[in-house]
Amino acid sequence: MNLANLFLHISAKRVRLQVVHTVMTVVGICLGVAAIVSIGIVNKSVIHSFEDSINRVTGRAALQITGAAAGFPEGLLERVQSVPGVEYAVPVIDTQGILYGARENTLMILGVDVLQDSNVRDYKLSDESADIPDPLLFLARPDSILVTRALAEREGVKIDQKIRVETVNGIQTFRVRGMLDPEGPAKTMGGNIAIMDLPAAQMAFGKDGLIDRIDVTMIHGADLETVRSRIQQAIPEGYSVDTPAGRTKQVEMLISHFQKNINLISFIAVFVGMYLIYNAVSISVVQRRKEIGILRALGATRRQVIALFLGETFIIAIVGSALGAAVGVLFARSAIGAVGQTVSELYMRTSISEISFTWADPMIGFIIGMLSSLAAALFPALTSARISPISAIRSVPYSEEGFLSSGKLKVVSALFVFLAAVMLLLYKTVQHSPYLHSTHVMFAATILLLLGISFATPALLQGFLVLFRRVISPFVGASGRLAGLNLQKNIGRNAVAAAAIFYGISVFVSSAGIIHSTKQSVMDWIDSYVRGDIIVTSGHPIATTGAQNIPMPVDMWKEIEKVPGVLSADPFRKIYVNYKSRRILLLTLDIARRMQYSPFTIAEGKREDMRRLLPGRNYIAMNEALSAKEHVKPGDSVLLPTPQGPVRFTVAVINVDYSSDSGSILMDMNTYHRYWKEHLADSFSVRIKPGENVEAVREAIAQKFGRDRKLFVLPAREFKKEIRKVIEQGFAVNHAVNAITMLIACLGIIVTLLASVLERTREIGILRSVGMLRSQVSRVVIIESMLLGIVGGALGVGAGMIIGWMSLEGFLRGDYGASMHYHIDYASIFWALGLSTVLSALAGVYPARRAAKTNITEALAYE
Amino acid sequence: MIELRNVSRTYSHGTKEIHALRDVTLRIETGEFLSVMGPSGSGKSTLLNLIGGLDQPTSGELFIDGRPLHGVTDDELTLIRRRRVGFIFQFFNLLPILTASENVSLPLLLEGIPYSKVKPKAEALLRKVGLGERTEHRPEQLSGGEMQRVAIARALITGPAVLLADEPTGNLDSRTSEDIFRLLKGLNAEGQTIVMVTHDPKAAAYGTRVITLQDGSLSEDTAAGGRAL
């Protein structure tokens with residue numbers, strides 16, 4: 001195979017000689033693949049962890065019946081037990097408490113029927129507790145609790161000792177009656193699980209007469225689907241009867257937005273890596289123009305030249321992808337804890353300590369790395385084959401040959417931008433087509449726009465340089481003029497460098513725009529939502545149900561209002577409910593009280609319509625995201641599952657609410673109490689009397705309740721600051737990706753300028769021989785670099801704003817609602833322009849030093 | 001034998017047309033050493049590029065040993081370059097990353113023959129051009145004359161039908177130039193057909209026949225000491 005000879009004698013030497021180039025490309029591919037592999041593993045591990053804990057907690061149950069997160073009447077149990085085919089149907093309280101031990105720990109609390117539960121789940125008691133759990137003893141004492149051995153050892157707790165757990169009724173003391181060996185449910189949540197008798201759990205967690213779940217085992221030989229449909233018929237509508245696998249699916253759906261977001265980030269990393277390869281191969285083609293010319297003159301076919309470049313990329317991609325696959329597994333290992341924490345805080349508690357790893361994960365990353373590398377190298381490799389042997393081997397300034405002539409390039413560029421515009425238009429106008437109004441369309445439009453502008457870079461750079469020559473260069477001296485002329489001589493190659501900066505800056509600006517817009521929209525909403533002076537909550541400021549939050553009795557508002565200086569204390573409760581196979585948030589407020597001071601941000605309808613939500617009437621407000629997904633308008637009615645059976649509610653208004661990316665419904669708290677029979681609150685919004693001091697009142701509330709329960713009593717300003725901090729944290733990955741893209745863009749500029757300086761050795765020698773100072777030579781190169789930075793930066797800012805807006809349209813508005821608007825982040829634009837100019841000037845320093853060091857006599861003899 | 005029948009080559013430069021060669025008819029016999037002379041822009045290099053298969057005529061016909069070079073695909077033309085033509089350039093055009101021996105072997109490496117098999121032949125050729133001791137040197141370690149000898153050895157490795165030299169000594173001092181011309185003369189004496197472009201009459205005199213181009217047309221042919229055809 002003649003290619004083997006080419007690789008052996010040319011590629012292998014090239015790779016060795018261009019160490020910087022090779023290492024840079026390998027690192028780029030490695031990072032992209034590592035991102036894909038690690039994010040893939042992390043995503044899978046999160047799902048596996050949920051699946052594992054669902055399966056362990058489920059035990060032998062083939063079906064699980066769930067309703068609203070607030071619980072449902074235990075009377076339902078009897079109906080299920082009498083369904084033919086059902087062997088056992090056992091009630092479960094599935095909630096959480098906070099253990100106050102050496103440090104605070106969130107505990108999963110299972111309240112079970114101790115007499116029956118062993119028919120469904122296996123509990124193995126450790127030896128030291130062998131003499132205890134007489135179920136009757138358990139029943140006899142409502143303060144009994146079973147903990148896992150792992151937890152007991154960690155906390156240094158022994159049998160019969162007491163532990164303190166925060167419950168709905170405040171901090172309560174329980175006595176450890178036994179320890180569970182790590183088997184069955186005891187193995188989930190890293191051992192942070194405790195078992196209580198059902199009535200005791202109901203009492204402690206404010207669920208009197210309510211249960212969270214019914215776990216069902218079936219008689220041997222009974223058909224799952226038959227039993228399922230029989231149960232469905234036996235109970236009211238609105239409950240879901242699911243297999244454990246079905247419940248895992250629900251969880252997958254719940255966190256799908258989160259997974260989509262981090263997948264997008266891994267895609268960006270791969271795209272950046274691809275651009276780096278494109279850049280590296282393009283530069284290599286330009287640098288090795290003469291080599292290609294000689295090879296072609298000596299009889300290398302076009303195919304051989306293309307294969308040479310693709311082959312080199314192939315070898316580099318193998319190394320980069322293999323490294324990336326390995327690094328990805330390491331990344332996943334180190335990131336899994338943090339991701340688990342985020343998922344726990346934002347969606348649902350989980351405890352992940354190990355990654356779920358199969359060889360398929362690194363293999364998929366490796367294949368994606370190889371394919372995207374070769375795809376990125378294809379275009380410049382094809383360009384290499386267009387190099388004519390005559391112009392390459394003759395020592396004359398060459399006219400640039402590209403795969404496409406500059407005319408065709410303009411046409412292709414215009415076509416791409418046009419297609420992007422058409423897609424955008426279709427996306428905006430055809431709102432109801434699932435094919436046209438999809439994130440995929442927006443995604444394709446973004447890629448087309450990026451490519452379109454990339455292809456237009458030579459023409460735009462040319463235009464800028466003409467402007468520079470006519471308007472600016474008279475004021476910048478000989479170095480400036482020369483820099484302009486040098487860039488103009490090699491538009492194609494310099495355009496690649498400008499495009500690298502363009503790409504980096506556009507990612508930077510678009511990402512900054514999205515972050516700014518999201519923050520702005522959420523903060524605007526929070527401002528309209530949080531109208532109190534002080535917020536009293538028992539969990540993390542933005543904790544949702546399932547996260548670290550122990551609800552409080554709703555009547556606590558009365559106690560808070562007794563604190564001197566307090567004008568009013570309004571309770572707020574949020575729970576997840578199932579609505580059309582989605583898990584959405586049900587938010588409840590005292591509308592009558594809120595009407596007095598809350599502006600309510602309304603997307604469709606009037607603020608006055610909120611009055612319809614007042615008690616005694618079945619009205620709700622639905623958030624934009626949900627109304628868009630379900631095509632619901634004000635006046636439409638929706639059927640919501642309640643513990644009393646399904647109830648029809650009329651939508652009064654469509655409101656703006658960013659509490660959940662799966663949708664939310666707002667209801668008056670009295671209506672909620674009427675149907676859900678649950679009297680809990682997650683937080684209280686406290687207003688103080690005019691003239692009172694916020695700090696003093698805050699202190700007084702904390703004093704009054706701090707002994708009985710763990711509370712966060714935060715002034716509204718601090719509460720908002722906490723929320724802002726959480727939003728910032730959520731964007732940490734985006735900032736990391738920004739830094740990487742800018743770094744790659746700078747490397748791109750260094751490589752380009754270095755190639756340009758090497759190519760101009762003779763010319764620089766001539767300039768030095770006629771009296772150009774070393775400092776002047778440096779200045780020329782640095783000005784060239786800055787000019788490239790300015791063009792790339794300006795293009796990047798323009799494209800970044802458009803792409804930011806498109807991403808908001810395509811990815812965020814679908815999830816959060818149409819009220820989310822694009823806010824231009826002027827600070828990021830200022831930074832982008834400054835960064836692109838300064839960084840490219842810095843990137844020019846090394847090539848400039850190389851140029852300044854040029855030896856005149858050697859340069860003049862240089863060929 | 002090389003034959004050109006009414007060969008023209010036109011380049012378009014924007015809206016302007018440049019006639020680099022106009023209707024040239026020429027026959028170069030096997031074993032001839034043809035010197036091509038003419039002022040700058042007369043079409044010398046264009047003629048060489050056409051014979052070497054680096055370029056194709058706009059009109060007319062061109063044959064090497066009866067095989068047409070006009071109207072063939074790029075791949076066919078490339079194979080003709082690889083197997084039937086040996087190039088010697090003014091600026092040597094060696095690959096700086098390869099040793100002398102590897103540079104000489106390059107055309108056969110492109111054929112897919114392993115280096116281990118090509119190497120003895122390459123070394124023999126390097127010995128023939130007087131570089132037997134410098135086979136493992138890279139171009140940067142060689143003098144101008146030595147680089148041109150490497151280029152000559154490379155041009156010979158496929159046993160080409162014709163050796164094309166474009167101002168082969170344009171970049172060398174007069175003593176080294178003479179050595180190169182003597183080397184070429186010697187090769188010609190062994191039967192190698194050579195076409196050499198030069199604008200130095202002294203260099204042209206090494207040829208067995210001298211033609212002169214003027215504005216893309218053949219103005220003089222001293223094959224038999226006569227005038228242009």
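Two strands pair if DSSP finds at least two bridges between them.

A word on the model first. It is predicted: local features need pLDDT of at least 70, side-chain atom pairs count only at pLDDT 80 or more, and totals for chains, interfaces and linings use all residues. Residues are numbered from 1 along each chain as its sequence is written, while chains are lettered from A and ligands numbered from 1 in the order in which they are written.

Now strand 20 of chain A. Helices (H or I, at least four residues) and strands (E, at least two) are DSSP runs, numbered from the N terminus. Strand 20 covers residues 664-668. Which strands pair with strand 20 of chain A? Strand 17, residues 619-623, is joined to strand 20 by 2 bridges, and the two run antiparallel. Met622(A) stands opposite Ile665(A) there. Strand 15, residues 582-589, pairs with strand 20 in the parallel sense, over 5 bridges. In that pairing, Leu585(A) faces Ser664(A).

Is strand 20 of chain A covered or open? It is mostly covered, with 5 of its 5 residues buried. Here is the scale. A residue is buried if 20 or more other C-beta atoms lie within 10 Å of its own, exposed if 12 or fewer, and partly exposed in between; C-beta atoms are placed from the backbone. In a regular strand the side chains alternate between the two faces of the sheet. Look at both faces of strand 20. Ser664(A), Leu666(A) and Asp668(A) are buried on one side, and Ile665(A) and Met667(A) are buried on the other.

Step back to the whole of chain A. Its secondary structure comes to 28 helices and 23 strands. Of its 863 residues, 52% count as buried. Next, contacts. Two residues are in contact if their C-beta atoms, placed from the backbone, lie within 7 Å. Take the contacts in chain A between residues at least 6 apart in sequence: 84% of them join residues at least 24 apart.

Next, helix 22 of chain A. Which residues of helix 22 are buried? They are Val697(A), Arg698(A), Ile701(A) and Phe705(A). These residues sit on the same side of helix 22 because they cover an arc of only 105° around the axis. That arc is taken from the directions from the helix axis to the C-beta atoms. Turned away from this buried side are the exposed residues Glu695(A), Ala696(A), Gln703(A) and Gly706(A). What covers the buried residues? The cover includes strand 12 (534-537), helix 18 (556-561) and strand 14 (566-579) of chain A. Strand 22 (683-688) and strand 23 (712-715) of chain A are also part of it.

Most residues other than glycine have a negative phi, and most peptide bonds are trans. Phe600(A) has a positive phi of about 50°, although it is not a glycine. Phe600(A) lies in the loop between helix 19 (591-594) and strand 16 (602-604) of chain A. Phe600(A) counts as buried because it has 24 C-beta neighbours inside 10 Å. Lys677(A) has a positive phi too, near 55°. Its loop lies between helix 21 (669-676) and strand 21 (680-681) of chain A. With 18 other C-beta atoms within 10 Å, Lys677(A) is partly exposed.

On to chain B. Here, 6 strands form an open sheet in the order 6-7-8-3-9-10, with mixed pairing. Strand 6 (85-88) and strand 10 (217-221) of chain B are its edges, each pairing on one side only. Inside the sheet, strand 7 (residues 162-166) and strand 8 (residues 193-197) of chain B pair in the parallel sense over 5 bridges. Leu163(B) has Ile194(B) as its bridge partner in strand 8.

Chain B has another open sheet, of 4 strands in the order 2-1-4-5, with antiparallel pairing. Its edge strands are strand 2 (16-28) and strand 5 (67-68) of chain B.

Last, where the chains meet. How many residues does each chain give to the contact? Chain B gives 24 residues and chain A gives 22 residues. On the chain B side, helix 2 (74-84) and helix 3 (100-111) each supply at least two residues.
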